[in-house]
Amino acid sequence: MRLVVGITGATGTIIGVRLLEALRELEVESHLVLSRWGRATLEMETDFTAADVRALATVSYGPGDASAAIASGSFRTDGMIVVPCSMKTLAAVRTGYGDGLIPRAADVTLKERRKLVLVPRELPLSEIHLENMLALTRMGAVIAPPMPAFYTRPTSIDEIITHIVARVLDQFGLDLPGVPRWTGPPD
């Protein structure tokens with residue numbers, strides 16, 4: 001399997017990092033684009049450097065690399081995940097405004113009818129945000145806000161992040177080992 005991963009400047013870059021770790025664990029080929037603001041947010045929110053995150057991916061591209069393989073529909077992938085997805089990126093994807101590699105790769109994913117999963121991070125959501133999400137859903141994208149599940153009785157932020165990543169990976173039929181799933185109420 002080959003997936004494109006975009007990390008934008010919205011808060012929650014650790015979710016993107018954990019996703020890349022999971023893809024490596026599952027031996028999935030990953031093609032990463034870390035936006036300029038994604039890099040800045042990563043360095044504000046975590047102890048990871050951009051180099052650390054790029055090293056987790058199979059291939060990494062610069063945010064403005066219009067010649068990147070993932071900018072073309074003839075480069076086959078199984079889909080794309082943008083995590084976290086800023087509202088700026090969400091709006092760009094909705095309108096087909098491919099200024100930068102993340103929106104361009106997302107546009108390619110949609111036009112080729114491949115799975116596009118967007119993990120938007122914003123609170124509260126405005127009417128514009130909601131309309132953009134609805135329009136993208138109608139275009140075939142999956143909107144997967146990083147909402148914690150409490151039925152797993154998480155004891156750490158890492159458990160919450162891992163569960164969110166597992167739910168995103170479910171969209172591609174990938175099973176992250178060790179993640180608890182709902183099986184019904186306890187006896």
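## Helix packing and buried residues in a predicted model

Helix H1, which covers residues 13–25, packs against helix H7, residues 157–170, at an angle of about 60°, and the axes of the two helices are 9 Å apart. Because angles of 65 to 115 degrees count as roughly perpendicular and those under 35 as roughly parallel, H1 and H7 are therefore described as oblique to each other. The crossing in which H1 passes H7 is right-handed. On the H1 side the contact is made by Ile14, Ile15, Arg18, Leu19, Ala22 and Leu23, and on the H7 side by Ile161, Thr162, Ile164, Val165, Val168 and Leu169. Sorted by class, the contact of H1 with H7 consists of 10 nonpolar residues, 1 polar residue and 1 charged residue. The model described here is a predicted one.

The chain as a whole contains 7 helices and 6 strands, and along the sequence these elements follow the pattern β-α-β-α-α-β-β-α-α-β-α-β-α. For 187 residues a compact globule would have a radius of gyration near 16 Å, and the chain, with 16 Å, agrees with that expectation. The C-alpha trace spans about 55 × 35 × 30 Å along its principal axes, and buried residues make up 47% of the 187 residues. Among contacts between residues at least 6 apart in sequence, 76% join residues that are at least 24 apart.

A second pair of helices involves H4, residues 87–95, and H6, residues 127–138. The axes of H4 and H6 come within 10 Å and cross at roughly 45°, and the two helices are therefore also oblique to each other. The crossing of H4 and H6 is left-handed. Met87, Leu90, Ala91, Val93 and Arg94 of H4 make this contact together with His129, Glu131, Asn132, Met133, Ala135 and Leu136 of H6, and these residues divide into 7 nonpolar, 2 polar and 2 charged.

Within H4 the buried residues are Met87, Thr89, Leu90, Ala92 and Val93. These buried residues pack against several elements, namely strand S4 (79–85), helix H5 (101–111), strand S5 (115–120), helix H6 (127–138) and strand S6 (142–143). After H4 comes Gly96, which has a positive phi, near 75°.

| Residue | Helix | Relative accessible area | C-alpha to C-alpha distance |
|---|---|---|---|
| Ile164 | H7 | 8% | 22 Å to Thr58 |
| Leu101 | H5 | 2% | 42 Å to Gly184 |

Ile164, which is one of the H7 residues in the contact with H1, has a relative accessible area of 8%, and since buried means under 20%, Ile164 is counted as buried. Leaving aside its neighbours within four places in sequence, Ile164 is in contact with Ile15, Pro146, Met147 and Pro148. Ile164 and Thr58 lie 106 residues apart in sequence.

Leu101 belongs to helix H5, one of the elements against which the buried residues of H4 pack. With a relative accessible area of 2%, Leu101 is buried as well. When its neighbours within four places in sequence are left aside, Leu101 is in contact with Val33, Tyr61, Gly62, Pro63, Asp65, Ala68, Ile70 and Ala71. Between Leu101 and Gly184 there is a separation of 83 residues in sequence.

Note on methods
Residues are numbered from 1 along each chain as its sequence is written. This is a predicted model: local features need pLDDT of at least 70, side-chain atom pairs count only at pLDDT 80 or more; totals for chains, interfaces and linings use all residues. Side-chain values use heavy atoms; hydrogens and water are left out. Axes are lines fitted to C-alpha atoms, for helices over the stretch in contact, and angles run from 0 to 180 degrees between N-to-C directions. Helices (H or I, at least four residues) and strands (E, at least two) are DSSP runs, numbered from the N terminus. Angles under 35 degrees count as roughly parallel, over 145 as roughly antiparallel, 65 to 115 as roughly perpendicular and the rest as oblique. A crossing is left-handed if the near helix is turned anticlockwise from the far one by less than a right angle, and right-handed if clockwise. Contact means heavy atoms within 4.5 Å. Ala, Val, Leu, Ile, Met, Phe, Trp, Tyr, Cys and Pro count as nonpolar, Asp, Glu, Lys and Arg as charged, and the others, Gly among them, as polar. The radius of gyration is taken over C-alpha atoms; the globule rule is 2.2 Å times the number of residues to the power 0.38. Buried means under 20% relative accessible area, exposed over 50%, partly exposed in between (1.4 Å probe, protein chains only).
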